[in-house]
Amino acid sequence: MAFGLLAAFAAVALVSQVGFAQQPAAPEKPLVCPPEGFSGGFTRGCPQRQFAYPADIAAMMAALPDKAPATPQKVRRVLVLGRAVTWVHTSIPLAAKMVEYLGDKTGAWMTTITYDAADINPENLKQYDAVFLASTTGEFLDDPKDKPVTDIRRKALLDFVKQGKGIAGIHAATDCYHKTIKGATPDAPPTLTGTWPEFNEVMGGFFKFHWVYPTLITVKIDDPKSPLTAMFPARGYEIVDETYTFAQDSYSRNKVHVLTSVNYGKMSAEDKAKEPANTKRTDGDYALSYIQRVGQGRVFYEAHGHDEKVYFSRPFVAHMLAGIQYALGDLPADDSPSGTAKP
């Protein structure tokens, strides 16, 4: 039985392209970019909207917890980066405001929101305790005209977490720095590979396929004792969203501590068949949220968050609060690798 997510979700069908990576072809017709921006999915080629709609903010604010699960050890600062280079999720501004209002209401942190990758640099990052990646896509840190600048940004983000800070990411934060290579022959399967292996490892994997919105997913609680899953019923729950999966060689619970995952055994045969057979995971292991230590720092990731209505769910927002507090270092949690997946 759902704990309220289903009631909050409207089944608004989106037209989306499912493949091995979210790399759409160029549009055949001239783009029509409404000045107020889009909602309810994603766009490509139009200016990225940097504001959330008031009605969405109001619904999200109604779902905010009254207090944080942990008392901050000091004044904390979180930098939210919402830059997306390929697919641009319309929920990015709402995700950013969720982080801001979570910090404001609970006193857990102060928030700065940016859509400029130039803010990821060694000097600027000194003032922050965590970076939140709000559905960043593609090579979101890179300046294609300036490799030295790109290298500085990449190193700054890696050093930031390895030296003791935190990274939290939602949904398309794993749809970054990867590509699909066609097989050498027509019968050969494609190869999925990361293009920035250090970042792919930090994020715990990279995107391979998604069940499109709206798909009903039954979520399993892999660690019901974790403070990051205390807001969910131990028996699990149901959610309607676009659900990411990861390339088999990029994600493994031998590297990350899995909090929640797709209850694959409860999926319909029809939905299972939608996953491309030649890159299908052979272990049935589809993690949704997890944490891990990276050097001296911490990483939290949640795979859902595609549609705005996900942010209207009290348990989901509370999960994000706990995950960010873990990344900040204020909420202790078992982050040892979960080990081999159990059937």
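This is a predicted model: local features need pLDDT of at least 70, side-chain atom pairs count only at pLDDT 80 or more; totals for chains, interfaces and linings use all residues.
1. Let's start with the whole chain. It has eight helices and 13 strands. Of its 343 residues, 55% count as buried. The accessible surface comes to about 14800 Å², and 54% of that surface belongs to carbon and sulfur atoms.

2. Now for who touches whom. Take the contacts between residues at least 6 apart in sequence: 81% of them join residues at least 24 apart. Keep that figure in mind when you look at the examples below.

3. S2 is mostly covered, with four of its five residues buried. On one side of the bookkeeping, five bridges join S2 to strand S4 (residues 110–114), and these two strands run parallel.

4. Strand S5, residues 130–134, pairs with S2 over four bridges, in the parallel sense. Here the spot to look for is valine 78, which stands opposite alanine 130 in S5.

5. Next, serine 261, which you'll find in strand S11 (residues 257–262). Is serine 261 buried or exposed? It counts as buried because its relative accessible area is 1%, and the cut-off for buried is under 20%. Leaving out residues up to four places away in sequence, serine 261 touches Thr218, Val219, Lys220, Asp222, Arg253, Tyr286, Ala287 and Leu288.

6. On to the rings: the structure holds 17 aromatic pairs. One of them is formed by phenylalanine 246 and tyrosine 301, and it is edge-to-face, with 5.9 Å centre to centre and 70° between the planes. This pair links distant parts of the chain: phenylalanine 246 is in strand S10 (residues 237–246), tyrosine 301 is in strand S13 (residues 297–302), and they are 55 residues apart. Both phenylalanine 246 and tyrosine 301 are buried.

7. Rings can also gather in groups.

8. Finally, one more charge over a ring. The charged end of arginine 49 sits over the ring of phenylalanine 51, and the distance to the ring centre is 5.4 Å.

How values were computed. Residues are numbered from 1 along each chain as its sequence is written. Side-chain values use heavy atoms; hydrogens and water are left out. Buried means under 20% relative accessible area, exposed over 50%, partly exposed in between (1.4 Å probe, protein chains only). Contact means heavy atoms within 4.5 Å. Rings of Phe, Tyr and Trp (its six-membered ring) pair if their centres lie within 6.5 Å; planes under 30 degrees apart count as stacked, over 60 as edge-to-face and the rest as tilted. A charge sits over a ring if NZ of Lys or CZ of Arg is within 6 Å of the ring centre and within 35 degrees of the ring normal. Two strands pair if DSSP finds at least two bridges between them. Accessible areas come from the Shrake-Rupley method with a 1.4 Å probe; for residues, only the protein chains shown count as cover.
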